[in-house]
Amino acid sequence: MEPKKNPKSDVSRNSSLFFAVGLALMLGVTYMTINYKTYDKSDIAIDSLNLDDELEEEVPITEQIFTPPPPPPPPPPAPEIIEVVEDEEEIEETVIESTETEMDTEIVEVEEVEVEEVEEDLEVPFSVIENVAVFPGCEKKKGNAAKKKCMNEKVNKFINRKFNTDLAGDLGLPAGRKRIFVQFKVDKTGNISSIVARGPHPGLEKEAKRVISQLPKMKPGRQRGKAVVMPFSIPIVFQVQD
């Protein structure tokens, strides 16, 4: 059996849509009603500005004061009278003679002045000198190293033979090993000079200087073919018995 009503004219078919729209409208009205605020008219202050009123400014009345001009400055003092006194002392004038020569003046020739060159005493250490100073008896040694070794041996033997080892006991030094450091120079002529000694007692230093001063004259050391000063140092070590 077919229905007699047209389905398009059925009102109940969109009821859920109408219900949702109505519910949304009611919720919106309720939210606006809750958040609506009102204010008392007494709290609202309306300030008005009347532009028609003219601002009248009172200008103070000032009185111009006339100050008198300052008094004129006093006149300058009268200048002192200067008395002219005649000079009693006569001053001799210094006459500067001209140094220019005249045409007729003979010019004396000056002889050449010889300038003497002063040779400095160049010092070259024992370890780097090209040709070491030669101790007597080491002339036949070949090579600089052999001559250095020979000089050390000869100087040590000379000190051992000449040094007075009994001096330490006479000076009252305690037993033990004593060491004296001696430095001297072999000058350009081969002589011994500039002896310096450092030891545990001035008496030992004096004895060391005495012995070194007796070293024989040597053949001077040479550097680049010229005689030079050669420094030399050696320790003197000996044992003091009880």
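Trainee: Is the link of Cys-138 and Cys-150 left-handed or right-handed?

Mentor: Read the angle about the S-S bond. Here that angle is -80 degrees, and the link of Cys-138 and Cys-150 is left-handed. Keep in mind that this is a predicted model.

Trainee: How far apart are the sulfur atoms of Cys-138 and Cys-150?

Mentor: A disulfide needs the two sulfurs within 2.5 Å. In this pair they lie 1.9 Å apart. The count by this rule is one disulfide.

Trainee: Where do Cys-138 and Cys-150 sit in the chain?

Mentor: Cys-138 is in the loop between helix 1 (15-34) and helix 2 (144-162). Cys-150 is in helix 2 itself. They are 12 residues apart, and the pair links distant parts of the chain.

Trainee: Are Cys-138 and Cys-150 buried or exposed?

Mentor: Both Cys-138 and Cys-150 are buried.

Trainee: Now to Asp-187. Where is its place?

Mentor: Look in the loop between strand 1 (176-186) and strand 2 (192-198).

Trainee: What polar contact does the side chain of Asp-187 make with another side chain?

Mentor: Its partner is the side chain of Thr-189, at 2.8 Å. Check the backbone too. The nitrogen of Asn-191 lies 2.8 Å from a polar atom of the Asp-187 side chain.

Trainee: Which residues does Asp-187 contact, leaving aside neighbours within four places in sequence?

Mentor: Ser-193, Pro-220, Val-228 and Val-229.

Definitions and conventions: Residues are numbered from 1 along each chain as its sequence is written. This is a predicted model: local features need pLDDT of at least 70, side-chain atom pairs count only at pLDDT 80 or more; totals for chains, interfaces and linings use all residues. Side-chain values use heavy atoms; hydrogens and water are left out. Helices (H or I, at least four residues) and strands (E, at least two) are DSSP runs, numbered from the N terminus. A polar contact is a pair of N or O atoms within 3.5 Å; within protein, one must be able to donate a hydrogen and the other to accept it, and residues adjacent in sequence count only if both atoms are side-chain atoms. Contact means heavy atoms within 4.5 Å. Buried means under 20% relative accessible area, exposed over 50%, partly exposed in between (1.4 Å probe, protein chains only).
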